[in-house]
Amino acid sequence: MDWQKGRESDNVVEDDGSGGGGGGGGGLQFGGFHLGIGGIILVVIVSLVLGKNPLDMLSLLSGGGALDNGTQTTQQVATQPSGKAADSSDPQVKFVKVILASTEDVWGAYFQARNQQYTRPKLELFRGHVNTACGAASESMGPFYCPGDRLVYLDLDFFQEMDTRFHAKGDFARAYVIAHEVGHHVQNLIGVMDKVEQARHQGQPMEGASGLSVRQELQADCFAGVWANKSQAQLNWLQAGDIDAALNAAAQVGDDTLQKQARGYAVPDSFTHGTSAQRSTWFKAGYASGNINSCDTFGTQSL
């Protein structure tokens, strides 16, 4: 990926150790925010060590615990990020700025074509742990989006994890991760997250092979594919193997793959992000069409 072709975004900041509270996020819901890839693996591992059923613990964290007492809301808390401007002298930071800028250009054009204003999200880089409008989070959650403050959060160490733990190497694999989280921001702006929250309160299941969480995550994968299509049209920056790298990254973080790695088998009833095949399929659907209308994961029976 010839990512140096792109401009840099001014919306990448570095955490300075302070933060906020309230809201919901894009992933497996845990009180105010949602567990990322690493968090799900951690829950499974801890469950096995303690001799507990991972399904019980995931169920507790996803809405049955004390943190979710029926008062949760998706009200937007338009707080400003607490960090300072990120320094582009670090190549990884520069890369993040370029990818975020591309998502701004792609989604900005999409909203403008519909006579709407695209609100650009901030992306906050952190190390170890961070306080957000969705609560405290650690690097074990992986990258995540918090609609409470409309921020994408990323620990740069996750890129190293992608290489070693998830066997998902390549610049475009990393770009896919950022585009997926920005996809959640787009969902937030167009009202998808509010509808999912309303459906959850009405008793529709979040977890499971066809649950709302899986449908929401697969749509974000599809939105990432739409971004890949449009960014290529704008910058002509993809190289041989880049799409395969993104598809591999999507496959490596499928629920079935992660669960088999953690305990040797998969439990579809506990799925929150979709299988490896589904994540790759929906990314490809978005990339092939370049059209958000191809991403209706909520209206299809077959995911």
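Reader: What makes D90 a cap of the N-terminal end of α3?

Author: A side-chain oxygen of D90 lies 2.9 Å from the backbone nitrogen of Q92. The model is predicted, and the distance is computed from it.

Reader: How do you know that the span of α3 is close to the one expected?

Author: Helix α3 covers residues 91–112, which is 22 residues. From its first C-alpha to its last it reaches 31 Å, and 32 Å is expected at 1.5 Å a residue. The expected span uses one less than the number of residues.

Reader: What else does the protein chain hold in the way of helices and strands?

Author: The protein chain has 10 helices and nine strands. Of its 303 residues, 55% count as buried.

Reader: Why is the link of C134 and C146 called a disulfide?

Author: A disulfide is a pair of cysteine sulfur atoms within 2.5 Å. The sulfur atoms of C134 and C146 are 1.9 Å apart, so the pair qualifies. The pair links distant parts of the chain: C134 sits in the loop between β6 (129–132) and β7 (135–138), and C146 in strand β8 (residues 144–146), 12 residues apart. Both C134 and C146 are buried.

Reader: How many disulfides does the whole structure have?

Author: A search finds two. The other joins C222 to C295, with 2.1 Å from S to S. That value is also within the 2.5 Å limit, so this pair is a disulfide as well.

Reader: Where in the chain are C222 and C295?

Author: C222 belongs to helix α7 (residues 212–235), while C295 lies in the segment after α10 (276–289). The two are 73 residues apart and link distant parts of the chain.

Reader: Why is the disulfide of C222 and C295 called left-handed?

Author: The torsion about its S-S bond is about -75 degrees, so it is left-handed. The link of C134 and C146, with 90 degrees about the S-S bond, is right-handed.

Reader: Why does C222 count as buried?

Author: Buried means under 20% relative accessible area. C222 has 0% relative accessibility, so it counts as buried. C295 is buried too, with a relative accessible area of 1%.

Reader: What pattern do the disulfides of the protein chain follow?

Author: With bonded cysteines counted along the chain, the pattern is 1-2, 3-4.

Note on methods
Residues are numbered from 1 along each chain as its sequence is written. This is a predicted model: local features need pLDDT of at least 70, side-chain atom pairs count only at pLDDT 80 or more; totals for chains, interfaces and linings use all residues. Side-chain values use heavy atoms; hydrogens and water are left out. Helices (H or I, at least four residues) and strands (E, at least two) are DSSP runs, numbered from the N terminus. A polar contact is a pair of N or O atoms within 3.5 Å; within protein, one must be able to donate a hydrogen and the other to accept it, and residues adjacent in sequence count only if both atoms are side-chain atoms. Buried means under 20% relative accessible area, exposed over 50%, partly exposed in between (1.4 Å probe, protein chains only).
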